[in-house]
Amino acid sequence: MATTRAKKVRNSAENSALAARLSREITGDVLFDSFSCGRYATDASFYQIVPAGVVVPRTIDEALRALGMIRDDGRIVTPRGGGTSQSGQTVNHGIVIDFSKHLNRVISLDVENRSCVVEPGIVLDDLNRRLRKHGLWFPVDVSTASRATIGGMAGNNSCGGRSLRYGTMRDNTLSIDAALADGKMLHFGEVPRDLAGLNSSDNGLDLFVDMLALGEREAAEIAARFPKVQRRVGGYNLDALVPRNAANNMAHLLVGSEGTLAFTTQIELKLWPVIRNKVLGVCHFGGFYRAMDAAQHLVKLRPIAVELVDRTMLTLGREIAMFQPIIATAIRGDPDAVLIVEFAEEDQADNIRRLKQLGELMGDLGFGWNNPRPKWGGVVEIIEQGLQTGIAEFRAAGLNVMMSMKQEGKPISFVEDCAVPLAHLADYTERLNGIFARHGTRGTMYAHASEGCLHVRPVLNLKLEKDVKAMRAIAEETFAMVREYKGSHSGEHGDGIVRSEFHEAMFGPRIISDFREVKHRFDPGNVLNPGKIVDPPPMDDRALFRYPPDYRVTRLATALDWSAYPGAGGGFQGAVEMCNNNGACRKLEGGVMCPSYRATRNEKDVTRGRANTLRLAISGQLGPDALGSDEMADSLKLCVSCKACRHECPTGVDMAKMKIEVLAARASKHGPSLRDRLVGFLPHYAALASRFAPVANWRNGSRVLRMLFEKFAGISAQRALPAWRRDVFKSDVDTIGPADGREVVLFADTFNRAYERENLDAALRVLVEGGYRVHLPRPADGGRPLCCGRTFLSAGLVDNARTELDRLVTAFAPFALRGVPIVGLEPSCLLTLRDELLSLRSDDTAKSISTHALLFEEFLVREAEAGRLRLPLGPVAGKALVHGHCHQKSFGAFKSVEQVLRLVPDLSVETIESSCCGMAGAFGYGADTYQASMDMAELSLLPAIRRADAAALIVADGTSCRYQIKDGAGRSALHVARVLAMSLDSPRSNPTPCPAAKEPLNG
Ligand SMILES: Cc1cc2nc3c(=O)[nH]c(=O)nc-3n(C[C@H](O)[C@H](O)[C@H](O)COP(=O)(O)OP(=O)(O)OC[C@H]3O[C@@H](n4cnc5c(N)ncnc54)[C@H](O)[C@@H]3O)c2cc1C
Ligand code: SF4
Ligand code: SF4
């Protein structure tokens, strides 16, 4: 990097002096420790540069003060939003300033003129949620909308799938307020060519004069060298400076400048009316080349998007149960590729008319359902809204499956967004596949056919020199081909480190010297994110890679089975390295992932931050024994083990399982704490505590004992512990129910057995009245009741958990092996049998138990679907407000709760849009995690409960969830089994079969 600042090695004393100065001036976080810096060393590219420090300012003023102090200390500064850049834009030496946590206000909104002014850290989805009620939206709909910030989108000149209609970020940016590296604040907006009205350097006169002069001087060169495709996001937007009719928008020079020219403090955006009506035409093609060739013709009908899905993605989609019905409806026959054409005119009749024209056009192009390949094809019309959404979800999921390859080679982003004129798209894609094949790799193509910008990631293992060489060769050959077609080598994801080096070949030396001139004029001291766009390092400098040549993971002892993944620790390394930093775990709404991030908005407390910390730790980059260190424990402290990431992370990062490894490493290094022992061994002392319940419950009634528990055991004095009781669940017999009934095992877990026997009583009653023969197996040793080992796992006591599971497997094996379902009530316990059991035992008996383990409601839905469920359910008038346990959601089992409740006559069922309740087993009881637990609950669950009608039934299957609801909102929640028991108590008609559940079990 051509910067002395970047190369200057700082010693720790200098770092601490700067950190101390920043901490005095900034109320936001100032993070200079190696763990924090490591978390900001990567983005969604394959690069890694560890910064010297990170500042998370609370206000724009603090951000500017930090900029000044860092600059005066001779350091470089990299502004950062969501850190989802794919080209290495946000990684650098020096200090990172994170705008995403606090600087996310809408400053003003002008509905009439359709514009708004926002701070740079606001996330696109968040902005659009706020705009929706005004009938407006910001339409640069990047795939990362759930975490991409407007500042980062402007930094990269981001583009959405519908850019055909709405253009890129540049087209929708009206003005930008920004600070130059020297701290001067300027307004960058539309200016007349003669700059009338600007009268001093304080409002940018000198700078703008120079820039417009450069535009005028270079107009011919710019016209000759800048690709004419819409998707040209590479380099600085010098074309914004050339003489236009009357005015130039100076903000457009900043858009796409990747934090190298100025520090954005607020952005004025152009808004659009929301799309009210749309239709899709799914154009089928018997040959991929034909599909690519057709794109240039289809866009003439003025759709808002034409998106490609190829055969590989269709095949992947067909393997996912939830997409099978969608593909069955939307896809006819066996196409090589489909182009999904979207029309969205105000008038739906207009959309339908265009859809018909699309069919005619396909016919004119020679495609027909009865033709032989490659001219086989036609249009499937999709008018129904639900199916349109399903198709969009399928497209996203297909990509996710591709990204979740568990091998060393991964799909790598570096030629992934080249854009070529549509007339050349077919030849381009054919030749691109040839380039991949020549270098021994392959890639699946998808996305924006309407823009000639197809995403494709060849599979490479960048830990190997030979694959790095292949990457370089593929990049050179591809970019040369793109130049030949007068396309753009950087069509969506920006330049960063991966692309900037190729600017010279793309734009020529004169334009490169213009880029340098711009950079120097704005930032003569090279303070702002140097090494991007101008004077970049080589894209294949392995020292800058996430996996540099000396990257090693050695001597890693693990407790669980990770054999599905490659690498050290029996595969733990491969599992950790699955995180590609795409940032989906930073979403703030929808789904469950990641509750701790939603509560704190800290990079430390998000799945990505944790996975990065683990990767750095196991590869020795955070010092010796980092896995068992206090800092590592702190990195995982707020992970509630909700397992949402296992389900919702596009690459399936399973942090809850990884946390068990860290807890185990820590327990073996330091021994379990008193709290760990109290939590872990609960199943062992539960019987004794129950017998002496009045004594065991003293703690809850005594302030002093609460304080002592907090001091010595780390259990929050603010929480009442679940009350012990003498009348725990017990059964004198091993089997209940009719001798000829269908068999089922009821797993009486420790929590329901000891604290809430009413749930087990209710479940037993429902099953017996349904005609089932219920087994309640006892342990072979005749000792204390069976347990799934969950409490031990949550304390990192893996060997104890294994012992518990061994007892359980022995007791349940005879049933599972002859196909008897094993039904449980507590999601975290029952689902341990489907999940962790297989990480501890891989024998056939364990697999059989895992296969037959069903949640109570899953079992009932299955029986109802098979027409076997006979329950005399009576009406329960009113509303059930349901909160799903996060493990239910992670295993796709939550829908069954809703389905079962819908079997109850007269009961209306409403689901609370909630993430984790925050209690999460012992988490909510920790003195050090109590507040985070309440913060998580307050995000959506508790407010929804407080809003609920007093007569509504609150339903929650998780023991922890019920306690959290009780503690936080003073309402008692019921397990679904108890609602069914209420329904049985209600007078009703004959025990006819329950109506089959309307949706399939995992629908
Ligand atoms: C799976 C995946 C899909 C993607 N899909 C798309 C897509 O559909 N379309 C698309 O265009 N991109 C896409 N991207 C790329 C990326 O998500 C977008 O570019 C996104 O807009 C970046 O936003 P961010 O907040 O993460 O920015 P960051 O990555 O944090 O930053 C981007 C740039 O902006 C600069 N910056 C940030 N804040 C400021 C500030 N206040 N002042 C000055 N400079 C600043 C940074 O220095 C950096 O150079 C995708 C990425 C991934 C991983
Ligand atoms: S944990 Fe998953 S969702 Fe989060 S950044 Fe990593 S890969 Fe993406
Ligand atoms: S298990 Fe839950 S809290 Fe932990 S990282 Fe995953 S999503 Fe976040």
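Predicted model: local features only at pLDDT ≥ 70, side-chain atom pairs only at ≥ 80, totals over all residues.
Local features need pLDDT of at least 70, and residues are numbered from 1 along each chain as its sequence is written. Ligands are numbered from 1 in the order in which they are written.

**Exercise 1.** Find where the cis peptide bond between arginine 373 and proline 374 lies.

*Solution.* Next, look for the flanking elements, which are DSSP runs numbered from the N terminus (helices: H or I, at least four residues; strands: E, at least two). Proline 374 falls in the loop between helix H14 (348-364) and strand S17 (377-382).

**Exercise 2.** Locate the cis bond that joins methionine 593 and cysteine 594.

*Solution.* Here omega is about -10 degrees. Then follow the chain: cysteine 594 belongs to the loop between helix H21 (572-576) and helix H22 (595-600). As background, most peptide bonds are trans.

**Exercise 3.** Is glutamate 258 buried or exposed, and what is its phi?

*Solution.* First, the angle: glutamate 258 is not a glycine, yet its phi is positive, near 55 degrees. Most residues other than glycine have a negative phi. Second, the place: glutamate 258 sits in the loop between helix H10 (251-254) and strand S12 (263-270). Third, the surface: the relative accessible area of glutamate 258 is 4%. Buried means under 20%, exposed over 50%, and partly exposed in between (1.4 Å probe, protein chains only). Glutamate 258 is therefore buried.

Definitions and conventions: Heavy atoms only, no water.
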